[in-house]
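User: I would like to learn how to read the features of a model like this one. Please take me through it step by step.

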Amino acid sequence: MDWLTSMNAALDYIEDHLNIRMDYSKVAAKAGCSSYNFQRMFSFIADVTLATYVRRRCMTVAAQELMKGDVSVIDVAFRYGYDSPISFARAFQSVQGMTPKEAMKEGANLKLYPKISFQISIKGAESMKYRIEKMDAFRLAGVSKEITTVNNQNFEIIPKMWDDFMKNGECEKIAGVNGHPMEEEMYGVCYDFHFDQEQFRYMIAAKPDNEISEGLEGLDIPEFTWVKFECMGAAGIQDVFKRMFTEWFPTSGYEHADGPEIEYYPIENMNHPDYKCEVWIPIQPITKK
């Protein structure tokens, strides 16, 4: 079974088992990968998290059932995995913009979130520069923040986090952990992923030589084999992430090793057109199942 077929098989499984409490590991098994890898890959391919997609599909089909008027709200709530009509109504309104009772009225304006499908598209005209390296464990020091991926807010929150840190001098403090202000490389780290809650932690950090300064957090990065992608300019980071999951991973023979994802920023002029940074992803060979 090729990658495209297996990904669409996973989508078919979702449709056949629509429920907010569905077992994502069974969905991922249809795609031939781990739950972690499938959910991370899905978010970049579909531009929405798997949890959000499932919730939207549940509320789309639930709305269609309610519109017919021959079902009760409580029965529909339980069918899609909600413990009570209240929690269901809250989720329904967040997606449909109205209560389940209002959706049952004639003329209600409902929102349709259709089933997605993955199709072949012509890619690869632009090269991706990368290398694979094994690294010993190392430690970072910095400041972190809980980031939500709901409605892709992470793409707004993280750049603002960097802007705020640059303006308030926090970046200079972090970069100067070794007594050399703004002369060491900086790191942006995504870790501690909680897909069910649609959040993860993001740390702006540097490598300390000695003890971690007061007010900074420590983060231990285990030994991994990393794939390191070159990125032209910090603004291109998200494009590299997307191409990595949609173009490189499907044909590489590797999978995500369930570890932190790192953005590597040399201390140079980020506004220069030739500024190069990197994205580091921990990987492991795909094992035959």
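Analyst: Helices are DSSP runs of at least four residues and strands are runs of at least two, both numbered from the N terminus. The model here is predicted, and its chain holds 10 helices and 9 strands.

User: What does the C-alpha trace of the chain span along its principal axes?

Analyst: The C-alpha trace spans about 70 × 45 × 35 Å.

User: How many residues does the chain have, and what percentage of them count as buried?

Analyst: Buried means under 20% relative accessible area. In this chain of 289 residues, 45% count as buried. As for contacts between residues at least 6 apart in sequence, 71% of them join residues at least 24 apart.

User: Now helix packing. At what angle do helix 1 and helix 2 pack?

Analyst: An angle over 145 degrees counts as roughly antiparallel. Helix 1 covers residues 3–16 and helix 2 covers residues 24–31; they pack at about 150 degrees, and their axes are 6 Å apart. Helix 1 is therefore roughly antiparallel to helix 2. Their crossing is right-handed.

User: Which residues of helix 1 and helix 2 meet?

Analyst: From helix 1 come Ser 6, Met 7, Ala 9, Ala 10, Tyr 13 and Ile 14; from helix 2 come Lys 26, Val 27, Lys 30 and Ala 31. Sorted by class, this contact has 7 nonpolar residues, 1 polar and 2 charged.

User: How does helix 1 cross helix 4?

Analyst: The axes of helix 1 and helix 4 cross at roughly 45 degrees and come within 10 Å, so helix 1 is oblique to helix 4. This crossing is right-handed. On the helix 1 side, Leu 11, Ile 14 and Glu 15 take part, and they meet Leu 50, Tyr 53, Val 54 and Arg 57 of helix 4. The contact divides into 5 nonpolar residues, no polar ones and 2 charged. Ile 14 is listed in the contact with helix 2 and also in the contact with helix 4.

User: Let us turn to single residues. Is Thr 60 buried or exposed?

Analyst: Thr 60 belongs to helix 4, residues 50–68. Its relative accessible area is 2%, so Thr 60 is buried. Leaving out residues up to four places away in sequence, Thr 60 touches Gln 96, Lys 111, Leu 112 and Tyr 113.

User: What does the side chain of Thr 60 reach at 3.0 Å?

Analyst: A polar contact needs a pair of N or O atoms within 3.5 Å. In this case the side chain of Thr 60 reaches the backbone nitrogen of Tyr 113 at 3.0 Å.

User: Why does Arg 40 count as buried?

Analyst: Arg 40 counts as buried because its relative accessibility is 9%. Arg 40 sits in helix 3, residues 35–46. Apart from neighbours within four places in sequence, Arg 40 is in contact with Phe 193, Phe 195, Phe 241, Phe 245 and Glu 261.

User: Where is Trp 248 found, and which residues is Trp 248 in contact with?

Analyst: Trp 248 is in helix 10, residues 237–252. Trp 248 is buried, with a relative accessible area of 8%. Setting aside neighbours within four places in sequence, its contacts are Tyr 130, Ile 132, Val 227, Phe 229, Arg 243, Tyr 254 and Ile 283.

User: How many residues apart in sequence are Trp 248 and Tyr 130?

Analyst: Trp 248 and Tyr 130 are 118 residues apart in sequence, and their C-alpha atoms are 10.0 Å apart in space.

Conventions. Residues numbered from 1 in each chain as written. Predicted model: local features only at pLDDT ≥ 70, side-chain atom pairs only at ≥ 80, totals over all residues. Heavy atoms only, no water. Axes fitted to C-alpha atoms, helices over the stretch in contact; angles between N-to-C directions. Parallel < 35°, antiparallel > 145°, perpendicular 65-115°, else oblique. Left-handed = near helix turned anticlockwise from the far one by under 90°. Contact = heavy atoms within 4.5 Å. Nonpolar A, V, L, I, M, F, W, Y, C, P; charged D, E, K, R; others polar. Buried < 20%, exposed > 50% of the residue type's maximum accessible area, 1.4 Å probe, protein only. Polar contact = N/O pair within 3.5 Å; in protein donor to acceptor, adjacent residues only side chain to side chain.
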